[in-house]
Amino acid sequence: MNLPNLLEAKKRSSKQVLIKTNEYIITENLKKIGAGKKYFVKTYGCQMNEHDTENIKAILEDMSFMEADIMEDADIILLNTCAIRENAHNKVFGMVGRIKHLKQTKPDLIVGICGCMAQEEHIVEEILQKYRWLDVVFGTHNIHELPRILNESLNKQKIEIDVQSIEGDVIENIPVKRESKYKAWVNIMYGCDKFCTYCIVPYTRGKQRSRTPEFILNEVNELVSRGYKEVTLLGQNVNAYGKDLNIDYGMADLLKDVAETKIERVRFVTSHPWDFTDEMIDTIAKYKNIMPYIHLPLQSGSSDILKKMGRRYTKEKYLELFNKIKTKIPNCAITTDIIVGFPNETDADFNETLDVVNQCKFDSAFTFIFSPRVGTPAAKMEDGISIETKEIRLQELNKLINKYSKEANDKYLGKIVPVLIEGYSEKDKDMLMGYTDTMKLVNVSGNKTMLGQIVDIKITDVKTWSMDGEII
Ligand code: SAH
Ligand code: SF4
Ligand code: F3S
C-alpha cells in the first residue's frame, strides 16, 4: 500500500527529471487479464484529466478489456477524479454511492478511483474509513503502472492503494486511445510550480516537467500524417514551457515549430498572464494556423486579492497584457476564469473585478466561488465573508459575463467563419457541431461527409453560449 502524503507532495526537489521511453511495460500475462471483460471510465475535471483518460483507456485495451457504452455493462469502472473545488469532490462521492448499489448486484465488479483526488492524503484517509469496499486507488503519477496495480488488486480481497506523492520522470511510451479523429490533446508539460495560494494542482500534479521539443513535435507530426486537423497543447502553465529544461527554448519557439508542422489548427491551454511574452504574442499573430483564441485566467480584478492569491500580476498588468494581445492579434477571442469570494474579499475588491470585466468584455468566462482546499495556504486564511454574499456576487458577475458573451457573439451574425466540424450536436442529433477559429460553438445542418473538415459557415443565429449557421 502506498498512501499519498501532503508534506511530500508540497516538496520540490532539484533532482533532474529524466525522459523515459520504456517505462510502460506490459507482460504477456497481463495482456490477457481483461479478455471478455468491459471497462468504463468516467472523467471529471480539466483537459489534462481527459487526456489521462485517453491513456488509461489505451492501457486497459492493451490488457484486452473492451470499452462499455454504459457504466452498468462494465466489469471495471474507474473514476478519474478532480480535486479543484468541493463540488468536484461531492460529485465523485455521489457517483461512488450509485456504484455501490451496482456492486451489490454484481459482486465481481472492480471499482477504482484515480486522478487528482487520489493524490490527496485526506481523501485516501476518507476512502479507507468509509469506502473500503472500493477495489483500487492509484494517482496521477503512476498511470503507466496500471497493469501491475490492477493485477495486484485482482489478486487480493482488500482495497489496493498505490499513490506516489512525488512525481516521477517524463514517460514517453504510454499508449493513447484518442476520443476524436480530428483534434488531439498533446501534453507539453506536466505539473505546476506556481503555487497560487488557493490551488491544489501543484500538490496533485507535482513539479513542473516539460516534455522535450523533439517528442512533442514527433507526436504532432504523427497526428498530421494520420489526418488530424487540430492539436491543443496542454499544460497548467503553457507559457512556462521549457523553463525546467536546460535549453534555450521556450513556448514561443515551440509554438513556431508546431505551427511549421502544417497542422491546420494549433491551440494551447492554459496561459498564466505571468509568463506571457511579447515573442509569444508576435508568434500567434504571425502564424495563420495558430488560432486567435486565448484563455487568460484573471482570477480577480483586485490587485490586493491577486497578491494574496500569489498570482504575481496586478490589475494594471493584466489589462496591459490584455490590450497588447487585442491590438497585436486581430480578431482574437479572449476568455477567462474568475474566482469570487476569496477570503475577506471586500465589496471594493469585487467591484475591481467587475471593472476589469467591463473593460475587457470577455468572450466568455468560467466563474467560481472560492473553495478552500485542504493543505493550501488560502484554506487557512481568515474569511469573514458569508456564503450568501459570495453567491450574490457570483450571480452579479455571471450576469455581466453573459451580457458580454452575447455581445461578442452578436458580432458574428451574418459573418462567414471557418468551423472544424467535429461531431453531432448534443441538442439535435441530426445537426453537426464544431468550433470556429475563435472557439465559438456552432451548430449547423449538414451531412457526415463534413465531419473532420474545416468548412466556411455563415452564422444565422446567435445565442449566449452557441451559434447556428449554414454552409455557404
Ligand atoms: N492552471 C490554470 C488553472 C487551472 S484550475 C491557471 O493558472 O490559470 C482552473 C480554474 O479553477 C482556475 O483558473 C481557477 O479559476 C479555478 N480554481 C482553482 N482553484 C480554485 C479554488 N480553490 N476555488 C475556486 N476556484 C478555483
Ligand atoms: Fe493552480 Fe496557479 Fe498552477 Fe494554475 S498556475 S494550476 S491556478 S497553482
Ligand atoms: Fe482538476 Fe486535477 Fe485538472 S484538480 S482541474 S483534474 S489538474
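# Cavities, ligand shells and a helix pair

Me: How much space lies in the largest cavity?

Reply: About 70 Å³ lies in the largest cavity, where a cavity is a set of points, on a 1 Å grid over the protein atoms alone, at which a 1.4 Å probe fits but cannot get out, and a volume is the space filled by probe spheres set on the points, which are joined across faces, edges and corners. This is a predicted model, in which local features need pLDDT of at least 70 and side-chain atom pairs count only at pLDDT 80 or more, while totals for chains, interfaces and linings use all residues. Residues are numbered from 1 along each chain as its sequence is written, chains are lettered from A and ligands numbered from 1 in the order in which they are written, and side-chain values use heavy atoms, with hydrogens and water left out.

Me: Which residues line that largest cavity?

Reply: Its lining (residues with an atom within 4 Å of a point) consists of L6, A9, Q119, E120, E121, H122, I200, Y203, T204 and V374.

Me: And which helices supply at least two residues each?

Reply: Those are α1 (6-10), α5 (121-130) and α7 (201-205), helices here being DSSP runs of H or I with at least four residues, numbered from the N terminus.

Me: OK, ligands now: what is around ligand 3?

Reply: Around ligand 3 are C46, N49, C82, A83, I84, C116, R205 and Q236, each with a heavy atom within 4 Å of it.

Me: What surrounds ligand 2?

Reply: Ligand 2 is surrounded by C192, K194, F195, C196, Y198, C199, V201, P202, Q236, N237, H272 and R311.

Me: Switching to helices, at what angle do α13 and α14 cross?

Reply: The axes of α13 (residues 347-360) and α14 (residues 387-410) come within 10 Å and cross at roughly 10°, with axes fitted to C-alpha atoms over the stretch in contact and angles running from 0 to 180 degrees between N-to-C directions. The two helices are therefore roughly parallel to each other, a label given to angles under 35 degrees.

Me: Which residues meet there?

Reply: D347, F350, T353, L354, V357 and N358 in α13 meet R393, E396, L397, L400, I401 and Y404 in α14, with contact meaning heavy atoms within 4.5 Å.

Key: On a 1 Å grid over the protein atoms alone, a cavity is a set of points where a 1.4 Å probe fits but cannot get out, and a pocket is an open set with protein on both sides within 12 Å along at least five of seven lines; lining residues have an atom within 4 Å of a point. Angles under 35 degrees count as roughly parallel, over 145 as roughly antiparallel, 65 to 115 as roughly perpendicular and the rest as oblique.
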